[in-house]
Every structure is written in structure tokens, then in C-alpha cells.
Amino acid sequence: MRRVILFALACALLPVPAIAQQSTEARLAAYRERVEQLEDADQIENLQAYFGYFFDKGLWSDAADCFAANASFEYGQRGVYVGKERIRRALLLFAPDGLGNGYLNNHMMLQPIITVADDGRTATARWQGMVMLSAPGANGVWGVGQYENAYVKERGTWKISKLHFYVQAMGDYDLGFGRGPIRMEGPSALFPPDRPPTEVYRAFPSGYTPPFSFVHPVTGEPLPVAQPADSVARP
Amino acid sequence: MRKTLVLAALLATIATPAAAQSADQQLDALDARISRLEAMNAVERLQKTYGYFVDESQWVRLSELFTEDATLEIGGKGLFLGRHRVLEYMQTAFGAEGAKDNVLAQHMQFQPIVDISADGKTAWVRSRAFVMSNAGWGLPLYENAYAKGEDGIWRISRLSGPFTMYTSGEGWGRNALNNTWPDKFDPPPDLPPSTVYLTYPAYYIVPFHYPNPVTGNAFAPDYAPVGAYFRPPGTAEQAEALTIGRLADGTQPIAEPPRD
């Protein structure tokens with residue numbers, strides 16, 4: 001109801017814009033494009049959420065189906081898996097299919113900043129990732145990191161073309177990040193990745209900033225980052 | 001009053017049947033609706049970006065999200081006036097630019113309620129953050145304002161981040177940190193806190209910028225001199241709480257009686 005009022009007031013107060021000089025067709029085309037941008041961002045937001053709910057429950061096949069055929073998947077320092085079928089198998093490294101009792105694999109995904117390309121065919125997004133894990137016989141684990149993902153629209157359907165979760169910190173439930181930090185896993189010997197990690201870094205207590213895919217919302221400038229030194233990786 | 005407004009609004013929109021409206025009038029209305037959705041997205045994006053910049057100590061970039069005359073107030077620290085003071089606050093209180101070893105201060109941003117003014121130039125957001133840090137956990141709330149500049153770009157004009165709860169790694173069942181106060185750390189604020197309140201385990205409601213979405217009733221904040229409640233407004237316990245003063249040094253020990 002409030003929105004009705006606000007909207008009505010907005011209509012009443014709006015000055016006749018310069019755009020009114022344009023043809024009806026030109027205005028309709030411009031508005032269609034703006035609505036499509038909004039819809040694209042919504043669909044990408046939902047897609048990532050679908051993936052997240054599948055991933056939480058070890059529904060690896062459904063999770064893999066969210067990817068484009070030649071997509072890539074990278075989690076922490078595990079390396080890069082390329083192609084939907086390789087991803088489907090690599091997901092089994094996290095836990096058995098369908099998890100099972102004693103497992104918790106929650107990867108909450110929030111705070112998306114979605115940038116749809118002008119042509120509406122590709123997009124990127126940064127997400128905040130909050131992680132709560134458990135495995136049979138092990139203590140609970142907290143985690144936090146950011147996703148820097150890419151998406152592609154194929155025949156009207158958005159798919160994940162790149163998923164990269166930059167783990168920033170993992171910690172024991174009782175000890176927390178400060179007293180019980182946990183290192184990231186490296187590439188699997190059992191099912192090696194197609195490529196090594198795109199960026200080599202260590203999780204907390206080492207500092208690292210996952211690169212930003214979006215531009216500054218006010219200045220429009222890209223956001224390159226300077227990483228702190230690392231005695232081994234960045235001496 | 002509300003009903004009158006609604007009626008007026010309805011008359012304004014339906015007095016002229018759609019068929020009788022010119023194509024340009026209909027398109028103007030469509031433009032306004034799309035613009036409002038875009039504004040909501042832009043404002044949410046600003047707030048999310050603020051969070052990511054806090055996470056990574058991107059202080060200069062963070063300050064660029066603010067208007068020249070913006071205000072910032074976080075916890076009980078007091079008010080900082082102007083973009084340059086926002087930058088000074090962040091750099092002085094939280095250290096150098098960029099990620100650092102042994103520092104984790106994720107401020108996850110979520111649950112925004114966004115409202116855009118009728119003229120499309122001002123916006124308000126109530127939202128929250130969950131802080132996961134190497135030192136413990138925290139729950140800031142936000143009641144922020146945003147302004148659309150002459151250049152068409154949205155910026156933060158007021159960042160108000162009162163604290164709900166902060167705790168060490170022990171967790172909020174055993175430990176609660178005090179609200180901050182003006183001279184707890186540098187730099188000093190330009191003005192004292194706009195509101196004095198205690199954080200968890202005390203009960204304090206940050207006033208809502210919006211009415212109840214269903215009834216339209218506005219929330220009536222309590223303007224008593226002490227803004228600390230430990231029970232909802234209107235209860236005897238809350239009235240009694242208003243007689244308890246805030247401690248001069250800002251301390252608020254959990255499980256200990258208040259000191260004078």
C-alpha cells in the first residue's frame with residue numbers, strides 16, 4: 001500500500017523527462033532492455049541459490065547441472081576442474097553423494113554484487129560465503145570466504161561458467177578462527193584437478209583479498225588489490 | 001490520513017482511464033517504476049560494497065562511497081562529520097589499507113529493507129551485518145540514508161551502525177562486550193553519540209525508518225533520557241530501566257551489578 005502511495009507521488013512529481021521527446025518505439029526498446037537487466041540479475045541470484053542448496057546436501061549431480069558444459073570449478077587451493085562431467089566427479093571429494101548422517105555441508109551465500117554485461121549474455125558476481133561443516137567423528141568447523149563467479153546465458157537460461165570460492169578462513173567450532181585456524185586442502189592426489197590453483201595463497205592467519213570482479217559503484221573504477229607479502233608465495 | 005492519501009493516489013492514477021492516457025504518459029509511469037527498482041538495486045549494491053570494503057580494509061575506496069557531507073556513527077563512538085572524517089575514522093581506528101596477517105573482520109551484509117523517496121533522490125535502508133572475526137562475533141545493525149547526486153550516482157549520506165551484540169570467542173552465552181564510547185579509541189568524534197544505549201544483554205530497539213508494512217502504524221521510539229531497555233517499551237521493567245544511568249566510563253559488565 002505504501003508503495004502505491006510512493007509510486008503515485010513519484011508519478012505526480014516526476015518532471016516530464018527529456019526522453020519524452022523520443023519515439024514510443026525507442027522508449028519501449030530502452031525500457032525492455034532495463035527490465036531485462038533486472039530479470040537477468042534476479043535469475044543469476046536464483047541460480048547461485050539453487051546451486052547452494054544442492055551443494056549443501058551433497059546433491060552433486062544436481063549441483064553439477066547448474067554449470068555450463070565447459071565451465072570451471074575451483075574451491076580454495078584444490079585446483080581447477082574444467083568441464084561439467086569433471087566437476088560432477090570432483091564434487092565427490094567433499095563428501096559421499098547425498099552426504100549421510102553426521103555430515104553438515106552448509107555453504108550460505110549472501111551479499112551478491114551482480115554485474116550483467118551490456119549484451120546480456122554474460123555476467124559476474126561476488127558473493128559472501130559463510131560455511132558450517134561437520135563430518136562423522138569430527139568437531140564442527142566454521143568457515144568464511146568469497147565467491148567470484150561468472151555466468152553465461154545459453155538459449156535463454158543462465159548457467160555458471162566459473163565458480164571460484166576463495167576460502168578466507170576456516171576454524172574449529174570451539175576454538176574459533178583466532179585460536180583454531182584450519183589450513184585449506186591442496187589438490188587431490190585421488191582425482192587431480194585439470195589446472196593448479198589460479199592464485200596461490202594461504203587462509204587466515206595469513207591475509208589475502210580475493211580480487212574484486214565489480215567496479216567501484218561511485219567512481220566506476222576497477223578495484224585492483226595489493227596482497228600482503230607471504231614468505232613463501234609472495235616473498 | 002492514510003486512507004485519504006491512498007484515495008488521492010488512486011484517483012491520481014485511475015481518474016484518467018489507461019485508454020485515455022497518452023502513450024507518453026503510460027511510458028512515463030513505466031519509467032518511474034523501472035527507475036525505482038534500479039534505485040533499490042543501486043542502494044543495496046552500495047551497502048554490500050561497503051561490507052566488502054570493510055572486510056578487506058579498503059578505506060579510501062570505502063570513503064568514496066559517501067557524500068561529501070555524510071555522517072558516520074558506529075556503536076557508541078559518536079558522530080563523524082564529512083567524508084574526510086569517515087576516512088580518518090577507518091584509517092585511525094582499524095589500521096592500514098589492505099588485508100593483513102592475523103586480522104579477520106568479515107562484515108557480512110544482509111536482510112536489507114530499502115525505501116526510496118517519492119522524488120527518487122533519497123533512500124533509506126535498515127539492514128544488518130554478522131561479524132566473523134579472529135576476536136569473536138558481532139551483530140551491528142544499520143539504519144542508513146543514501147542520496148542520489150546531481151550526477152545520477154547514489155552515495156551513502158548517513159551511516160548509522162548501532163551495535164546489538166559483540167562477544168569474544170567465548171560466545172554470547174558467557175561473554176558480552178560493552179558498547180563503545182567516544183574516547184575508547186582514536187580518533188575522537190566531532191559530536192557525542194546521537195543516542196545513548198546499552199548493547200546486549202540490555203534490550204534496546206533501534207527505531208525503524210518505516211511503519212509496520214501491513215498496518216501502516218509507525219513505531220514510537222522511547223525518547224527517555226536513557227536509551228537502554230531490557231524489556232519492550234510500555235512494560236514496567238522497561239520504565240524501571242530508564243531510571244538506571246549509563247556508566248560514565250562506558251563499561252557494561254555482564255553478570256555483574258552496575259557500578260556507579
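The model is predicted; local features need pLDDT of at least 70, side-chain atom pairs count only at pLDDT 80 or more, and totals for chains, interfaces and linings use all residues. Residues are numbered from 1 along each chain as its sequence is written, while chains are lettered from A and ligands numbered from 1 in the order in which they are written. Helices (H or I, at least four residues) and strands (E, at least two) are DSSP runs, numbered from the N terminus.

**Cis peptide bonds**

- In chain A, Phe204(A) and Pro205(A) are joined by a cis peptide bond, with omega near 15°.
- Pro205(A) sits in the segment after strand S7 (180-181) of chain A.
- In chain B, the bond from Asp186(B) to Pro187(B) is cis, and its omega is about 0°.
- Pro187(B) belongs to the loop between strand S7 (163-168) and helix H5 (236-241) of chain B.

- Arg155(A) is not a glycine, yet its phi is positive, at about 50°.
- The loop between strand S5 (141-154) and strand S6 (157-172) of chain A holds Arg155(A).
- Gln111(B), also a residue other than glycine, has a positive phi near 60°.
- Gln111(B) lies within strand S3 (residues 105-116) of chain B.

**Exposure**

- Arg155(A) is exposed because it has 5 other C-beta atoms within 10 Å.
- Gln111(B) has 12 C-beta neighbours inside 10 Å, so Gln111(B) counts as exposed.

Conventions. Buried ≥ 20, exposed ≤ 12 C-beta atoms within 10 Å, placed from the backbone.
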